[in-house]
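Here is a quick tour of how the side chains pack in this one. Have the viewer open and follow along.

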Amino acid sequence: MLAKQGFGSHAYPKQYGGAGDIEGYFTIMETLSYHDLSLVIKFGVQFGLWGMSVMFLGTEKHFEKYLKDIGTLDIPGGFAMTETHHGSNVKGLETTATYNHKDRSFTINTPVPFARKEYIGNTALHGEMVTVFAKLIIDDKDYGVNAFIVPIRDRDKNVLPGVRIEDCGHKMGLNGVDNGVIYFDNVVIPYDNMLDRFAQVNEKGEFETSIPSDNRRFFTMLGTLVGGRIGIPRSALAAAKTGLTIAVKYGDNRRQFGPNGGMEVPVLNYRIHQQRLMPYLANSFAIHFGLQYLTKRFMNRTEDDMQEIEALAAGMKSYSTWNTRDALQECREACGGKGYLSENRIDDLKNDTEIYTTFEGDNTVLMQLVAKNRLGEFRKQFSEMNIATIFSYVLDQAKTAVTEKNPFATRNTDDSHLKDPEFHLHAFQYREKELVSSAARRFKRLVDDGLDTFDAANIMHPHMLQIAFAYLDRVFLEQFQLQLKSADESLKEVLTRLYNLFAINKLQENKAWYLEQGYMEGVKTKAIRKLFSQLCWEIRRDAVPIVESFNIPENCLAPIVTTDSEQV
């Protein structure tokens, strides 16, 4: 049905049956996520991973031959990158694509059992072709990972010779998606089935590429697929918004305890209940604005921007999916026994989004990528420094000590100060800069002491996670501030409360670090804790209209949110 209405091909160029609207495609995925997450992933694998791998990694001959039929679902397909023994380590893939000089073909082969492609969506039942990532071998020389279109079934769904497919089995969630395991036993494919936008085999059987650096070519190839890391966090956010809508409306109706002799009160009136849900409500807005920013950056990308966009996409995918995991758990508990019933959608939402923290890249691994990008920018900044820029850097550090780390500032508990966007921005920037610079010094010290760079990086991994979180917190804060400046006056009061809660909650979560740094004193962190509680109380008054602003259809929520309070 979605394919017939043109939603599947929405991102593809108009000459191949699409609308040329990638931003609209992300919106379709996000909107479908309010309805059914298995459908979203099937949709995303077919039209996103399979279709967009052809669109971004292929050339005109591939567009002509495949794109229209992918968009109409005439060619169901998948995206075969992950291997059993090489999940996140794409460079380590063992599947091979050997070039045959005699007939200019490629032989796709799984050389050892655990080089099989695993967890490949749309393949256990429906896929007829897949984009396979394999090491290109020419005359026994390895030319690195490249992408190839490989048929796996005929039009009658019969598995083709040399291909073996198994179902991954029952999963925690997303059981509407037919994930499969694929083995290739010397499957021969035509020369034109190599997706050759960045690398080709010429008529002489020689490897050619417009990007001489192996590393740069590899990351350029993967960078074109960053769209998946935009669609998934937007889908995750839709799930979090759904869970919050259910939990907030239920908490507004569900009555429990109360003053002696008085009526029972809604559980959402309890401060502790507010502190369980309101921070995630604030996070939803921050992440929403951040993902809008990422989408616009991606739509207007230039080659110079791509590294930062890739880091942003990797980080926001991790940030959003972790937030959804934690928010849905809190929502489930906040609905008590009702939250445990399958009639409450939190059941499916929790199980179906659990894998979001793993696919499109394991979150912890992706956050390392974000931190490496930040350290790379830091190193680049210093390598390009002259006397003037060094002086400016030292002056900036001294200014921080004078304006932000003096006794008055570290002990300032005035409400106006704690709600000041400038204070928030300075505090977030200070944390990010200090974590990056201390990591650079620490890494250098470890290597200078004789450690191998791999071992030094291994020691640094927990520190790297903190860098990534600090960077993303700062980006989300900045985007929230920008939205506040342009917001309609009628919305500013409510949005400002949500903004303040996001900022104060992040400061509270990291208060130990700020105390260690001498950036705040105990009296200030105590005031932040009190303000956090007060903001949750203030937001509670508007909590129901806020979740209603998500505009989620009633049939996508749960029966418990509309049940009469006495029956609940």
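## A buried ring pair

Phe47 has 4% relative accessibility, so Phe47 counts as buried (buried is under 20% relative accessible area, exposed is over 50% and partly exposed lies in between, with a 1.4 Å probe and protein chains only). Phe43 is buried too, at 3%. An α-helix has 3.6 residues a turn, so residues three or four places apart point the same way. Helices here are DSSP runs of H or I with at least four residues, strands are E runs of at least two, and both are numbered from the N terminus.

One note on where this comes from: the model is predicted, local features need pLDDT of at least 70, side-chain atom pairs count only at pLDDT 80 or more, and totals for chains, interfaces and linings use all residues. Residues are numbered from 1 along each chain as its sequence is written, and side-chain values use heavy atoms, leaving out hydrogens and water.

## Rings and charges

Rings of Phe, Tyr and Trp (its six-membered ring) pair if their centres lie within 6.5 Å; planes under 30 degrees apart are stacked, over 60 edge-to-face, and the rest tilted. By this rule the count is 23 aromatic pairs. Phe43 and Phe47 have ring centres 5.0 Å apart and planes at 65°, so they make an edge-to-face pair. Elsewhere, ring pairs tie Phe285, Phe289, Phe480, Tyr499, Phe502 and Phe550 into a cluster.

Arg104 puts its charged end over the ring of Tyr191, 3.8 Å from the centre (NZ of Lys or CZ of Arg must be within 6 Å of the ring centre and within 35 degrees of the ring normal). Arg374 does likewise with Tyr471, at 4.2 Å.

## The nonpolar cores

Which residues touch the most other members of the largest nonpolar core? Phe133, Met278, Leu281 and Phe480 do, in a core of 148 residues (a core is a set of buried Ala, Val, Leu, Ile, Met, Phe, Trp, Tyr and Cys residues joined through side-chain atoms within 4.5 Å). Helix α15 (residues 453-486) gives the most to this core, 14 residues. Apart from it lies another core of 25 residues, including Leu136 and Phe184.

Of the 26 residues in α5 (residues 228-253), 22 are buried. In α4 (residues 214-223), Arg217, Phe218, Met221 and Gly223 are buried.
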